[in-house]
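Student: Hi! I'd like to go through this one with you. Please put it up on the screen.

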Amino acid sequence: MTTAPQRQQFRGFSHQMAASMADEPAVQESHHECANNEYEPAKDEKETLQTGEVETMSKRQKKKLLKSQQWEEQRELRKQKRKERKQQRKLERQAQGDDGVEWTGKKRLRRSAEPSSLRLIIDCSFDNLMVLKDVKKLHKQIQRCYAENRRTLHPAQFYLTSHGGQLKQIMDEINKGWVNWKDVHVKTDAFHEILKKEDLVYLTSDSPNVLQELDENKAYVIGGLVDHNHHKGITFSLAQELGIAHAQLPLGSFVKMNSRKVLAVNHVFEIILAFLEKRDWQEAFFTVLPQRKGAVPMGQENTLGKDEDEEESDEDSDSEHLTERRTDSKDQSDNKQEEHKLVPNQSDSNGKNTV
């Protein structure tokens, strides 16, 4: 049981608690304001903090900061300069075109090129006769053919026939952009199924027929095979089976070679393109053939042979001098040994040898 004074005291205490709780939000707000005023610096204080940071930076950091600021400030200026340079180049090209000067850029060369009606076909039907390494080599040779045909002044009508198998797989993996190649006809069918047989001429080094001139109405077939001479005569046999014309390039009439006459696919392709431009077989051969083939113009091999004979004779004379020196030195050593044998051993009175 609580008495009346106790109840009155309890009521007074509850009134005090309610009043203190009503005043608490204001106190909390004042605390937050104080905290914000304490941690948020004013404008002047921010500037002093930034300058303080700059002062604490090293020279290298200051230089880097200054450079980045200058780069940002000059962005519009650089953009304007690029536009001016582009406009200047455009005007120069227009002026060269008006003066009749041929532009040497690749795009202008392609525009000014005069395509030939001659068809060049790479027969890719030997895919199953090659290991993967050789198929990759063939792919590189085809890439060179495509690039050279795009660059030349008289591009041929380029065909890839019997395209598939390992070659297509490698091209899809390594060179996915081949599907966007221009001025090339990629066919899965064989060449004799696409073109007329009377227009076809298979180029093979085993053919007895020597090609003297190029007929631009014909289609010349190059065997797409990298076999290291494992399948000798296979292209010649294929041409005979199909009953189409065959011929070999007039290499023996213009060039003396140290190695065999079998050329890579891209070499044959480039030689024909060079002939279309120069109309001279010898010039076409020596423009394309690599130095490792040891190619020499016909008629000049005799002079080279004489020089080699002279060098060999010089080497022989040098070797004779060396043999004479060796024999002389040998005779001298033998004489010394005989003299050494003739000299008697010195001995003391006791009969012992003295050293």
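Student: Let's begin with arginine 119: buried or exposed?

Tutor: Arginine 119 counts as buried, at 15% relative accessibility. Buried means under 20% relative accessible area, exposed means over 50%, and partly exposed is in between, with a 1.4 Å probe and protein chains only. Keep in mind that this is a predicted model, where local features need pLDDT of at least 70, side-chain atom pairs count only at pLDDT 80 or more, and totals for chains, interfaces and linings use all residues. Residues are numbered from 1 along each chain as its sequence is written, and side-chain values use heavy atoms, with hydrogens and water left out.

Student: Got it. What does arginine 119 form a salt bridge with?

Tutor: The partner of arginine 119 is aspartate 199, and their closest N and O atoms are 3.8 Å apart. A salt bridge here is a side-chain nitrogen of Lys or Arg within 4 Å of a carboxyl oxygen of Asp or Glu. Arginine 119 sits in strand 1 (residues 119-123) and aspartate 199 in the loop between helix 8 (191-194) and strand 4 (200-203), so the pair ties together parts that are 80 residues apart in sequence. Helices (H or I, at least four residues) and strands (E, at least two) are DSSP runs, numbered from the N terminus.

Student: And aspartate 199, buried or exposed?

Tutor: Aspartate 199 is buried, with a relative accessible area of 19%.

Student: How many salt bridges are there by this rule?

Tutor: The count comes to 7. Another one joins arginine 150 and aspartate 183, with the closest N and O atoms 2.8 Å apart. That pair links distant parts of the chain, with arginine 150 in helix 6 and aspartate 183 in the loop between helix 7 (165-174) and strand 3 (184-186), 33 residues apart.

Student: What about the phi of aspartate 183?

Tutor: Aspartate 183 has a positive phi of about 60°, although it is not a glycine. Aspartate 183 also counts as exposed, at 54% relative accessibility.

Student: Where does serine 162 lie?

Tutor: Serine 162 lies in the loop between strand 2 and helix 7. Serine 162 is not a glycine either, yet its phi is positive, about 55°. Serine 162 is buried, with a relative accessible area of 17%.

Student: Switching to pockets. Which residues lie nearest the centre of the second largest pocket?

Tutor: Pro115, Asn149, Pro155, Ala156 and Asp183 lie nearest its centre, out of 12 lining residues. Helix 6 (132-151) and strand 2 (157-161) are the elements that give two or more residues to that lining. For the terms: on a 1 Å grid over the protein atoms alone, a cavity is a set of points where a 1.4 Å probe fits but cannot get out, while a pocket is an open set with protein on both sides within 12 Å along at least five of seven lines, and lining residues have an atom within 4 Å of a point.

Student: How much space lies in the second largest pocket?

Tutor: About 210 Å³. By class, its lining has 5 nonpolar, 4 polar and 3 charged residues. Nonpolar covers Ala, Val, Leu, Ile, Met, Phe, Trp, Tyr, Cys and Pro; charged covers Asp, Glu, Lys and Arg; the others, Gly among them, are polar.

Student: What does asparagine 266 touch?

Tutor: Asparagine 266 touches Gln141, Arg144 and Cys145, not counting residues up to four places away in sequence. Contact means heavy atoms within 4.5 Å. Asparagine 266 is in helix 11 and is buried, with a relative accessible area of 4%.

Student: Which residue follows helix 11?

Tutor: Arginine 279 follows helix 11, with a positive phi near 60°.

Student: Last one: what is the secondary structure of the chain?

Tutor: The chain has 13 helices and 8 strands. Buried residues make up 28% of its 355 residues. Among contacts with a separation of 6 or more, 74% come from residues 24 or more positions apart.

Note on methods
Points joined across faces, edges and corners; volume = space filled by probe spheres on them.
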